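Here is a short report on how two chains fold and meet. Keep the structure in view as you read.

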Number of protein chains: 2
Amino acid sequence: MANKTRITIKDVARAAGCGVATASRVLNKSGSASSETRERVEQAARDLGFAFSATGRALQSRKSMTVGCLIPSLANPVFAEAVQGAQEELRKEGYQLLVASSNYDGETDNEILTTLLAKDVDGLLVTMVDPQDSSALNMAQGRNVPTCLMFHDPLPGWPSAHVSNAEAAAEVARRFARYGHRRTGFLALRFATSDRSRNRFDGFRAECAAQNLPAPELIEITETEANTPSILAQRLCEHPELTAIFASNDFLAIAVQKAANLMGWHVPQDLSVVGFDGIEVGRLLDRPLATIETTPEAMGRQAAQTLLVGLQGGEMAELTPLPFTFRVGATLSTPRTKSPDDDRGAAQSPSVPPLTSNVKQG
Amino acid sequence: MANKTRITIKDVARAAGCGVATASRVLNKSGSASSETRERVEQAARDLGFAFSATGRALQSRKSMTVGCLIPSLANPVFAEAVQGAQEELRKEGYQLLVASSNYDGETDNEILTTLLAKDVDGLLVTMVDPQDSSALNMAQGRNVPTCLMFHDPLPGWPSAHVSNAEAAAEVARRFARYGHRRTGFLALRFATSDRSRNRFDGFRAECAAQNLPAPELIEITETEANTPSILAQRLCEHPELTAIFASNDFLAIAVQKAANLMGWHVPQDLSVVGFDGIEVGRLLDRPLATIETTPEAMGRQAAQTLLVGLQGGEMAELTPLPFTFRVGATLSTPRTKSPDDDRGAAQSPSVPPLTSNVKQG
DNA sequence: TTGTAGGCGTTATCAG
DNA sequence: CTGATAACGCCTACAA
């Protein structure tokens with residue numbers, strides 16, 4: 001009942017019979033004190049169950065020991081893992097992470113950054129829709145709040161822990177070419193709000209050109225389409241000439257397989273599929289997914305380490321892209337036939353109803 | 001260069017030619033002010049790009065508008081989604097989330113809680129190893145910091161957003177029984193540090209008994225074993241009598257399938273598998289996973305909403321368990337044979353080498 | 001309507 | 001070695 005809400009250093013000082021300054025020195029092991037008062041203070045602190053208030057400290061020291069972290073969503077394991085890595089790294093140095101997600105919305109991005117800045121974060125870890133043109137991010141810069149991006153390809157002004165999206169995508173194009181694919185597609189979700197996705201497409205298209213392949217087809221889909229195999233199947237049917245699809249992330253790639261199955265197409269013979277990210281489950285699928293394997297947790301770690309340098313007043317260098325690997329899987333092979341108008345899959349499952357109706361029954 | 005580090009309300013007051021109290025009133029739309037000074041203050045604030053310091057406010061108001069969130073790991077999508085849901089819900093009311101993960105370690109749990117408390121969080125959202133016996137959690141209670149657990153089955157003293165682990169597990173036992181399985185196994189990871197896992201096992205075992213099935217076999221594995229199909233296969237081989245396995249989460253369930261494939265066992269005929277959680281990819285697998293479907297994001301939301309009540313001084317009621325559903329999949333069927341010592345899979349793939357050697361080549 | 005003053009919890013400064 | 005005291009940024013009486 002008589003619970004004094006909070007025990008402050010004042011209480012400790014009083015209990016120890018000394019001034020607050022002395023108590024502060026003892027408890028912080030700064031300054032010096034006679035072993036006698038030291039003892040009394042420590043005893044009092046223990047008895048009272050004293051703990052410093054980080055808020056009071058922050059106000060006085062102008063350091064909140066808190067880092068703000070903005071990402072699109074924790075529901076995407078790629079971002080969640082990056083945050084996990086960053087959090088571990090920062091905690092070692094005593095920093096806590098204030099996490100917020102924008103749900104891929106540019107306005108929310110700015111609102112969150114503003115709030116984070118108001119909370120006096122000492123640094124920022126950011127993945128957002130449009131970092132190049134964010135008033136809030138500029139404000140962070142103006143206030144000299146060290147900031148490190150994550151996932152974004154290099155941008156003037158901020159370091160970014162990233163994998164070269166264009167180069168990784170180019171690797172996919174080369175693989176496709178090597179296997180004899182010509183008509184390819186790039187399946188994208190939230191193309192408008194993801195520079196990562198756009199950069200992947202650009203890199204993919206450029207390398208297709210370099211490999212003398214026709215320009216890849218850009219297929220943009222909505223979240224609903226991605227989550228409903230039958231609808232996705234319809235969308236794929238609009239591009240019967242494609243023999244290989246590069247999905248902008250692994251979930252989409254898996255969805256493509258599902259949709260293909262629905263239509264009686266065989267992956268990879270009828271349609272090859274390659275993903276991006278390299279999430280763990282891709283490897284556990286019956287038909288392990290060919291994909292670009294990245295290491296989001298390492299990305300978060302790298303971002304955190306760089307930020308730590310900035311936090312200590314150092315200069316944050318531009319970051320070398322993290323390595324990626326092409327994970328070989330069972331979803332990429334040579335196309336069944338070079339003839340684009342072949343009635344694919346028919347030989348395998350002659351009993352399958354016409355595609356359109358089949359799609360509808362999905 | 002001449003960047004004054006921070007613009008405070010004092011600066012605004014000076015620029016507007018008035019006292020700080022007036023500026024505060026105007027900017028907070030509390031108290032009243034002549035429309036004239038109001039104008040001047042707002043103008044000044046805009047010109048200077050003023051923003052309140054949450055730290056100063058927190059110190060003064062004794063409200064940090066921050067909620068601490070402790071979970072085992074963001075690398076587990078189940079927790080990540082819960083945090084996502086909670087974050088969205090809390091942001092609506094102006095709260096930010098301070099997130100930290102313990103990596104399933106009980107000591108770290110306490111360290112983190114202590115730090116969070118020192119940061120003056122207004123409330124706590126917690127999933128930890130041992131909530132019943134945590135000094136830090138008790139301290140939170142002592143300080144009257146509203147706390148809501150997540151994922152834990154009801155515990156005296158704290159509300160918890162959860163699914164009834166025992167009941168869900170019982171449902172699996174009933175399904176197994178209905179399909180004619182008798183010898184079953186429960187595959188667990190981190191059994192010692194997860195009351196969720198233990199409660200699932202207890203519920204499963206109890207219902208097996210109720211269904212007149214032999215007691216289920218408890219198979220504990222390490223993370224390494226879980227991630228290496230060939231090793232997991234070896235572990236499974238130690239229990240040739242089992243026809244059905246209940247995995248304590250979906251990832252394990254998928255791993256079991258992988259391991260089974262490696263040995264030439266057919267899922268579900270040779271071995272039925274049911275998971276827990278209901279992660280999205282389970283549905284996208286070639287062989288959709290039978291599992292207990294839960295809604296982690298809703299759990300996070302519920303926890304946040306309850307916490308919000310506590311944050312507003314209300315009484316936090318005990319929470320009704322969230323509903324779960326048994327997701328029918330292709331990994332559960334009647335066992336191929338009732339005879340436990342049948343050489344399973346042999347009929348299907350006579351060319352498969354003996355199990356042991358097959359395992360090793362994995 | 002307005003401004004002054006005190007205090008939230010800490011620490012750094014500066015006399016004793 | 002020790003203890004007032006003045007910030008840190010803000011808000012809320014209390015006065016004017």
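Two strands count as paired if DSSP finds at least two bridges between them. Strands of a sheet pair through backbone hydrogen bonds, either parallel or antiparallel. Keep in mind that this is a predicted model.

Look at strand β3 (residues 123-126) of chain B and strand β4 (residues 147-150) of chain B. They pair in the parallel sense over three bridges. One residue pair to find is L124(B) with its bridge partner T147(B), which belongs to β4(B).

A helix covers part of this region.

## Where the chains meet

How many residues of chain B are in contact with chain A? There are 55, and they touch 55 residues of chain A. The size of an interface is often given as the accessible area lost when the parts come together. Here chain B and chain A bury about 4,700 Å² between them. Carbon and sulfur atoms account for 52% of that area. On the chain B side, K119(B), L284(B) and D286(B) lose the most area to chain A. Together they make up 13% of what that side buries.

Two packed helices are described by the angle between their axes and the distance between the axes. Helix α4 (residues 54-61) of chain A packs against helix α4 (residues 54-61) of chain B at an angle of about 135°. Their axes are 9 Å apart. That angle makes α4(A) oblique to α4(B). The crossing of α4(A) and α4(B) is left-handed. Chain A contributes T55(A), G56(A), A58(A) and L59(A) to the contact, while chain B contributes T55(B), G56(B), A58(B) and L59(B).

## A second sheet in chain A

Chain A also has an open sheet of six strands, in the order β7-β6-β8-β9-β10-β11, with mixed pairing. At its edges stand β7 (217-221) and β11 (325-327) of chain A. Each has a single partner strand, so one side of each is left without a neighbour in the sheet. From one strand to the next, the twist averages 20°.

Strand β6 (residues 184-189) of chain A runs parallel to β7(A), and five bridges join them. Among the residues involved, G185(A) has E217(A) in β7(A) as its bridge partner. Helix α9 (residues 195-210) of chain A packs on this sheet and touches β6, β7, β8 (244-247) and β9 (272-277) of chain A. Its direction makes about 175° with that of β6(A). Helix α12 (residues 250-262) of chain A lies across β6, β7, β8, β9 and β10 (290-293) of chain A, and runs at about 160° to β9(A).

## Backbone details in the loops

In chain A, a cis peptide bond joins V267(A) and P268(A), with omega about 10°. P268(A) is in the loop between α12 and β9 of chain A. In chain B, a cis peptide bond joins V267(B) and P268(B), with omega about 10°.

R190(A) is in the loop between β6 and α9 of chain A. Its phi is near 55°, a positive value in a residue other than glycine.

How values were computed. Residues numbered from 1 in each chain as written. Chains lettered and ligands numbered in written order. Predicted model: local features only at pLDDT ≥ 70, side-chain atom pairs only at ≥ 80, totals over all residues. Heavy atoms only, no water. Axes fitted to C-alpha atoms, helices over the stretch in contact; angles between N-to-C directions. Helix = DSSP H or I, 4+ residues; strand = E, 2+ residues; numbered from the N terminus. Parallel < 35°, antiparallel > 145°, perpendicular 65-115°, else oblique. Left-handed = near helix turned anticlockwise from the far one by under 90°. Contact = heavy atoms within 4.5 Å. Buried area = accessible area lost by both parts, 1.4 Å probe.
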